[in-house]
Amino acid sequence: MTRPTLDPAVTATVRAAADRVRATSGPRVGDLVESALLRTLTDTVTVGEDGTAFVITGDIPAMWLRDSTTQLTPYLRFLTSCPPLADLVAGVVRRQLACLDHDPYANAFNDGPTGAHYDPDDVCDDPHVWEQKYEIDSLAYPVTLLHTLWRATGRTDVLDERAHRVLRTVVDQLRAEQDHDTSPYRFRRDTDIPTETLARDGRGTPVGRTGMSWSGFRPSDDACTYGYNVPANLFAAQALLAVGELAADVLGDQPLADDARALSRELVAGVEEFGVVGVPGGPDGRRMYAYEVDGLGGVLRMDDANTPSLLSLPLLAPDVLDAEVWRTTRAVVLSPANPYWYSGSAASGVGSPHTLPGRVWPIALAVEGLTGTAEDRVRILDLLARTDGGTDRMHESFDVSDPTAYSRPWFSWADSMFCELALTVADDADARRS
């Protein structure tokens, strides 16, 4: 594997994008964007002899199916204008499909059979797998990246026999996990941290059938309290629509298209029946999305910074969400009614049980801006630029009253979401001028 030598067209595209940001948001924000966009391409990506691309998270030498998709978010707007970037995305897609083909229950992979593991004592000892935490978003993110690449460029070279097989696997696994009691999947880790392992000898907490698909872990890699993660199910429902379109329009597999679309409807119906709940403390009839449910009466009203989150649904599940329910949900998420919303002298926003109390995540702040108004986006972009702790980088989280207290000095996903927010602010400015 080798670090890619950036094509001059890629470098020119990045610098032109940063110049647009400088014109709108000032030189420092533009410089931050240029550095982050170049850093992701040069420092997280390696290209194999087979043309596939392996993407590390930044400070962890493994490839997460989620992170390797979200890290590419700000580059997707350039797929048609910069063919070398489209080639790079295609290389990432091919690697993601190979990973899913190898183990669709794993969330993070090594660059080959190196034998590296987060914890060598985990049940899964596959040398290709860094960690086998089953998360629905690990299936959905690669599908949406493949679909985005195809829609933007018309490329079908990535839709080969393996891609066809993986799309079938995605549908079959999401359907199988509608009845988790029959699933062979187990995850056990010898730890005193309850969010790092699954209860009931690795099966997870009990669930009833709801029509939704079960997930062992959240997008944060923390164990689910209840087995049906609502934002992940809606994201999967959106991804299944993408499977249906690819199957029908490219692969000529109408049975797969029909199955994917039917399952999408089942997931949405399950969310509507079990995952839409009353607003806490309010007898006014308002309804919101729960974060997790179990189909047995258990309901978790909260949101997490990692996406798919409830806050991010307009970005990740626009065709399957209920807009009115989401607007109510957003108001709850961005308030003290969300136990992971924090406010301090430097910032207010959504944090996560994955990090210390009182820490807000730049990813969640960027999502708050991207799903808000143009004024929200400008305000939050300025906030993020001011709370980097003097490092010129975005972090996993930072203390709401002391941005120099942060976790993860290099977190490429956060860098990319900052860039996407800055580019969207530039888009807003262009729209106002036109």
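Ser416 is part of helix H14, which spans residues 412-433, in a chain where helices (H or I, at least four residues) and strands (E, at least two) are DSSP runs numbered from the N terminus. This is a predicted model, in which local features need pLDDT of at least 70 and side-chain atom pairs count only at pLDDT 80 or more, whereas totals for chains, interfaces and linings use all residues. Residues are numbered from 1 along each chain as its sequence is written, and side-chain values use heavy atoms, with hydrogens and water left out.

With a relative accessible area of 2%, Ser416 is buried, a class that means under 20% relative accessible area, while exposed means over 50% and partly exposed lies in between (1.4 Å probe, protein chains only). Leaving aside residues up to four places away in sequence, Ser416 touches Thr40, Thr70, Gln71 and Pro74, where a contact means heavy atoms within 4.5 Å.

Apart from residues up to four places away in sequence, Thr40 touches Val45, Gln71, Tyr75, Ser412 and Ser416. Thr40 and Asp415 are 375 residues apart in sequence, yet their C-alpha atoms are 8.3 Å apart in space.

Thr69 belongs to helix H3 (residues 65-70) and counts as buried at 7% relative accessibility. The contacts of Thr69, again not counting residues up to four places away in sequence, are with Gln96, Tyr141, Pro142 and Leu145.

| Residue | Relative accessible area |
|---|---|
| Ser416 | 2% |
| Thr69 | 7% |
| Cys82 | 1% |
| Cys224 | 11% |

The structure holds zero disulfides, a disulfide being counted as a pair of cysteine sulfur atoms within 2.5 Å. Cys82 is in no disulfide, and the nearest cysteine sulfur, that of Cys419, is 15 Å away. For Cys224, the closest cysteine sulfur is in Cys124 at 19 Å, which is too far for a bond. Both residues are covered by the protein: Cys82 is buried, and Cys224 is buried as well.

Helix H12 (residues 362-370) is mostly covered, with nine of its nine residues buried. The buried residues of H12 include Pro362, Glu368 and Gly369, together with Ile363, Leu365 and Val367.

Turning to the chain as a whole, the protein has 14 helices and 15 strands, and 59% of its 434 residues are buried. Along the principal axes, the C-alpha atoms fill a box of roughly 55 × 55 × 45 Å. Of the contacts with a separation of 6 or more, 66% are between residues 24 or more positions apart.

The accessible surface of the protein chain comes to about 16000 Å², with 51% belonging to carbon and sulfur atoms; these areas come from the Shrake-Rupley method with a 1.4 Å probe, and for residues only the protein chains shown count as cover. The 39 positive and 64 negative charges have mean positions that are 3 Å apart, with Lys and Arg counted as positive, Asp and Glu as negative, and His and the chain ends not counted. The place of each charge is taken as NZ of Lys, CZ of Arg, CG of Asp or CD of Glu.
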